[in-house]
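Good morning, and thank you for making time for this presentation. I would ask you to keep the sequence and the structure in view while I speak.

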Amino acid sequence: MRARHAPFRIGIAERDRWLELMTAAMDEAALPEPAGDFLKALFAQIADFMRNQAAPAAGGFRLNPLPGKPQGS
Ligand code: HEM
């Protein structure tokens with residue numbers, strides 16, 4: 001699944017926007033608890049896993065890659 005997303009730049013902003021829209025869709029679907037909270041937490045984790053741009057350092061500069069990830073991946 002990460003490979004399928006690799007051609008697209010997915011950074012913090014993209015992850016957060018995706019999550020925002022997915023959360024809105026799930027709220028609209030009014031899933032019963034605890035399924036709703038469980039899925040939201042799971043989506044948040046996977047959406048971050050789909051990210052293929054390093055987190056920007058404070059101030060917006062990219063200084064270091066994420067721990068354990070090769071630079072630029
Ligand atoms: C829980 C997280 C996510 C899941 C489960 C997910 C799932 C999927 C699936 C199933 C596809 C279709 C793959 C295919 O056709 O082979 C897809 C495509 C795509 N996803 Fe995600 N995705 C996730 C997060 C994200 C995020 C954070 C972004 C960033 C905005 C994103 C952007 C895209 C794009 C651009 C495509 C390709 C659309 C196209 O080819 O027309 N996804 N995703």
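Ala30 counts as exposed, because it has 7 C-beta neighbours inside 10 Å.

Before I continue, two remarks on the model. This is a predicted model, in which local features need pLDDT of at least 70 and side-chain atom pairs count only at pLDDT 80 or more, while totals for chains, interfaces and linings use all residues. Residues are numbered from 1 along each chain as its sequence is written.

Where is the place of Ala30? It is in the loop between α2 and α3. Helices here are DSSP runs (H or I, at least four residues), strands are runs of E of at least two, and both are numbered from the N terminus. Phi of Ala30 is near 45 degrees, a positive value in a residue other than glycine. As background, most residues other than glycine have a negative phi, and most peptide bonds are trans.

Leu31 is also placed in the loop between α2 and α3. Leu31 counts as partly exposed because it has 14 C-beta neighbours inside 10 Å. Leaving aside residues up to four places away in sequence, Leu31 touches Met26, Gly36 and Leu39; contact means that two C-beta atoms, placed from the backbone, lie within 7 Å.

Let me turn to the chain as a whole. It has 3 helices and 0 strands, in the pattern α-α-α along the sequence. Of its 73 residues, 0% count as buried. Among contacts with a separation of 6 or more, 60% are accounted for by residues 24 or more positions apart.

How do the axes of α2 and α3 cross? They come within 10 Å and cross at roughly 160 degrees, the axes being lines fitted to C-alpha atoms over the stretch in contact, with angles from 0 to 180 degrees between N-to-C directions. Therefore α2 is roughly antiparallel to α3, a term for angles over 145 degrees. To this contact α2 gives Arg15, Trp18, Leu19, Met22, Thr23 and Met26, and α3 gives Gly36, Leu39, Lys40, Phe43, Ala44, Ala47 and Asp48. By class, the contact has 8 nonpolar, 2 polar and 3 charged residues. Here Ala, Val, Leu, Ile, Met, Phe, Trp, Tyr, Cys and Pro count as nonpolar, Asp, Glu, Lys and Arg as charged, and the others, Gly among them, as polar.

I move now to the loop between α1 and α2, where Ala6 is placed. Ala6 is exposed because it has 12 other C-beta atoms within 10 Å. Ala6 and Arg51 are 45 residues apart in sequence, yet 8.8 Å apart from C-alpha to C-alpha. Phe8 also has its place in the loop between α1 and α2, and it counts as exposed, with 9 C-beta neighbours inside 10 Å. The C-alpha atoms of Phe8 and Gln53, 45 residues apart along the chain, are separated by 9.9 Å.

Finally, the ligand. Which residues are around it? They are Arg4, His5, Phe8, Ile10, Glu14, Arg15, Trp18, Phe43, Ile46, Ala47 and Met50, each with its C-beta atom, placed from the backbone, within 6 Å of the ligand. The elements giving two or more residues to this shell are α1 (2-5), α2 (12-29) and α3 (35-49). The shell divides into 7 nonpolar, 1 polar and 3 charged residues.

How values were computed:
A residue is buried if 20 or more other C-beta atoms lie within 10 Å of its own, exposed if 12 or fewer, and partly exposed in between; C-beta atoms are placed from the backbone. Angles under 35 degrees count as roughly parallel, over 145 as roughly antiparallel, 65 to 115 as roughly perpendicular and the rest as oblique.
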